[in-house]
Amino acid sequence: MTYLVMAVAGFFALMALMQVMVRVRAGLLKGKPLPELPRAWQRKLQGSRGALVYFFSPGCAACRPLTPRFKEMSTRRPMSVFAVDVAQDLDLARALKVMATPSVVEIADGKVVGYHVGPPPAELMGRYA
């Protein structure tokens, strides 16, 4: 029985460590210049004064309530809000080091100014609504 308890505890510890690693890796990109991006995205994002890139996956349960809102925002603000399916644009997700969905990357003046794993803060959504 103790081996089972240790195995379960080890599993949950590993899951927690993975969550921490995703958030730490995301945080390291904050404040840095944009990395090399796929050509079409480089043109869209490099000169942007402010852009919000939302990464989602169709199978992601946490993405389901956010995706329609971001798609609607991207329709209203097509030059500054982008909803990106990671399965369709894996190169961009890799370039911006997206390891989990939903993730939101805020870009301004050629730099990553914000990186949010999970639901983004309400104040961020308000700035781009």
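Me: Is Cys63 buried or exposed?
Reply: Buried means under 20% relative accessible area, exposed over 50%, and partly exposed in between (1.4 Å probe, protein chains only). Cys63 has a relative accessible area of 1%, so Cys63 is buried. Cys60, at 11%, is buried too. This is a predicted model, where local features need pLDDT of at least 70 and side-chain atom pairs count only at pLDDT 80 or more, while totals for chains, interfaces and linings use all residues. Residues are numbered from 1 along each chain as its sequence is written, and side-chain values use heavy atoms, leaving out hydrogens and water.

Me: How many disulfides does a search of the whole structure find?
Reply: A disulfide is a covalent bond between the sulfur atoms of two cysteines. The test is a pair of cysteine sulfur atoms within 2.5 Å. Here the search finds zero.

Me: How many aromatic pairs does the structure hold?
Reply: Rings of Phe, Tyr and Trp (its six-membered ring) pair if their centres lie within 6.5 Å; planes under 30 degrees apart count as stacked, over 60 as edge-to-face and the rest as tilted. The structure holds three pairs. One of them is Tyr54 with Phe56, stacked at 5.7 Å centre to centre, with 15° between the planes. Tyr54 also stacks with Phe70, at 4.1 Å and 5°.

Me: Which parts does the pair of Tyr54 and Phe70 tie together?
Reply: Helices (H or I, at least four residues) and strands (E, at least two) are DSSP runs, numbered from the N terminus. Tyr54 lies in strand E1 (residues 51-56) and Phe70 in helix H3 (residues 67-76), so the pair ties together parts that are 16 residues apart in sequence. Both Tyr54 and Phe70 are buried.
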